[in-house]
Amino acid sequence: MTKAVQFDRYGDIDVLEVRDVPRPVPSADQVLVQVRAAGINPGEAKIRTGMLHDRFPAAFPSGEGSDLAGVVVETGPGTVEFALGDEVFGYTDDRASHAEFVVVPVGQLVIKPESLSWEVAGSLFVAGTTAYAAVGSVDLAPGDVVVVSGAAGGVGTIAVQLAKAAGATVIGIAGPDNDEWLTGNGVIPVNYGDGLADRIRAAAPGGRVDAFLDLFGGGYVELALNELGVDLRRIDTIIDFAAIERFGVQSVGNAEGASAEVLAELAALIVAGKLEVTVAQTFPLDDVRGAYELLERQHTRGKIVLVP
């Protein structure tokens with residue numbers, strides 16, 4: 001037997017349990033990974049509460065988790081892409097990485113560079129590929145001005161760096177505790193709250209905003225359209241599904257960026273010192289409730305990671 005996070009019904013953090021379950025067995029084109037680190041994400045919390053039931057329904061008992069990094073401990077019949085002992089990172093589509101062991105298709109794994117920490121590798125998939133796809137969706141060019149909401153979150157901290165690397169002037173919306181980090185990464189910090197549109201225009205060169213990445217929700221799409229005058233074709237939200245239907249803005253994110261190739265590209269940038277992934281805090285698997293309690297306060301810079 002081994003341990004895995006599961007829940008039997010939609011609800012608050014207290015529905016999460018760490019249970020003894022049978023150790024998974026890999027089939028052909030799969031490997032069994034002993035998990036060393038697994039990131040947690042806001043979307044997983046929303047799935048657990050039932051907020052995303054229409055889009056991502058849960059089948060109970062439901063597991064959790066997409067991001068993972070670990071060591072290959074068993075290979076499926078005829079599987080040759082990875083060997084026992086390989087250090088890998090990647091993702092599962094089975095909501096299963098918040099566990100000690102997880103079965104993963106070989107096409108969803110990449111060899112972990114030696115200098116990439118377990119915690120960063122194990123939390124890169126959702127945030128990294130979402131940021132990568134979102135930034136690509138608004139066609140940034142040198143000289144463009146882009147605003148990023150949720151700029152200090154797990155996705156935001158990566159997105160602002162990728163947008164900066166594309167040559168854009170980046171304005172990051174976050175709380176004042178994040179001003180120093182954003183400034184240090186070449187981002188113009190603007191604090192959320194009343195009068196936000198005026199502060200953004202004052203911060204933007206020439207008062208112009210060309211693109212907007214909404215990584216937080218809560219009305220930022222309307223602000224981009226109605227107060228900042230951004231073309232709807234250059235607005236992307238990963239979270240405001242009502243605004244997507246109402247206004248027709250883009251909804252490019254993890255689904256479009258999810259691939260081993262994108263993960264390998266992001267890892268290469270990190271190893272080369274061209275991208276920083278911030279790990280806010282780690283938690284043991286047994287304290288998964290504590291990890292989600294911190295996540296759901298929505299004031300954490302960077303990633304929260306489970307370490308089985």
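These are my notebook entries on a predicted model.

**Entry 1: overall form**

I began with the whole chain. The model is predicted, so every value here is computed from it. I counted 11 helices and 14 strands in the secondary structure. The radius of gyration came out at 19 Å, close to the 19 Å that the globule rule gives for 308 residues, so the protein is as compact as a globular protein of that length. I then took the extent of the C-alpha trace. Along the principal axes it spans about 60 × 40 × 35 Å.

Next I looked at burial and surface. Of the 308 residues, 52% are buried. The accessible surface is about 13100 Å², and carbon and sulfur atoms hold 50% of that. I also checked the range of the contacts. Taking contacts between residues at least 6 apart in sequence, I found that 67% join residues at least 24 apart.

**Entry 2: aromatic pairs**

I searched for ring pairs and found five in the structure. I picked Phe 7 and Phe 60 to look at. What is the geometry of the Phe 7 and Phe 60 pair? The two rings are edge-to-face, with 5.9 Å centre to centre and 65° between the planes. Phe 7 belongs to the loop between β1 (2-6) and β2 (17-21), and Phe 60 to the loop between α1 (42-49) and β4 (67-75), so the pair ties together parts that are 53 residues apart in sequence.

I compared the accessibility of the two partners. Phe 7 has 1% relative accessibility and counts as buried. Phe 60 has 38% and counts as partly exposed.

**Entry 3: Arg 48**

I moved to helix α1, where Arg 48 is found. Is Arg 48 buried or exposed? Arg 48 is buried, at 0% relative accessible area. I listed what Arg 48 touches, leaving out residues up to four places away in sequence.

**Entry 4: charges over rings**

I checked for charged groups over aromatic faces. Arg 23 lies over the face of Phe 101, at 4.7 Å from the ring centre. Lys 112 has its charged end over the ring of Trp 118, 4.7 Å from the centre of that ring.

**Entry 5: Val 71**

Trp 118 turned up again among the contacts of Val 71. Val 71 lies in strand β4 and is buried, with a relative accessible area of 12%. Beyond residues up to four places away in sequence, Val 71 also touches Leu 32, Val 33, Gln 34 and Arg 36, as well as Gly 85, Asp 86 and Glu 87. I took one C-alpha distance here. Val 71 and Val 31 are 9.8 Å apart in space and 40 residues apart in sequence.

**Entry 6: Thr 130**

Thr 130 is buried, with a relative accessible area of 5%. Which backbone oxygen lies 2.5 Å from a polar atom of the Thr 130 side chain? That oxygen belongs to Val 126. Leaving aside neighbours within four places in sequence, I found Thr 130 in contact with Phe 125, Val 155, Ile 238, Gly 253 and Asn 254.

Conventions. Residues numbered from 1 in each chain as written. Predicted model: local features only at pLDDT ≥ 70, side-chain atom pairs only at ≥ 80, totals over all residues. Heavy atoms only, no water. Phe/Tyr/Trp six-rings, centres within 6.5 Å; stacked < 30°, edge-to-face > 60°. Helix = DSSP H or I, 4+ residues; strand = E, 2+ residues; numbered from the N terminus. Buried < 20%, exposed > 50% of the residue type's maximum accessible area, 1.4 Å probe, protein only. Lys NZ or Arg CZ within 6 Å of the ring centre and 35° of its normal. Rg over C-alpha atoms; globule rule 2.2 N^0.38 Å. Contact = heavy atoms within 4.5 Å. Areas by Shrake-Rupley, 256 points an atom, 1.4 Å probe, with all protein chains shown as cover. Polar contact = N/O pair within 3.5 Å; in protein donor to acceptor, adjacent residues only side chain to side chain.
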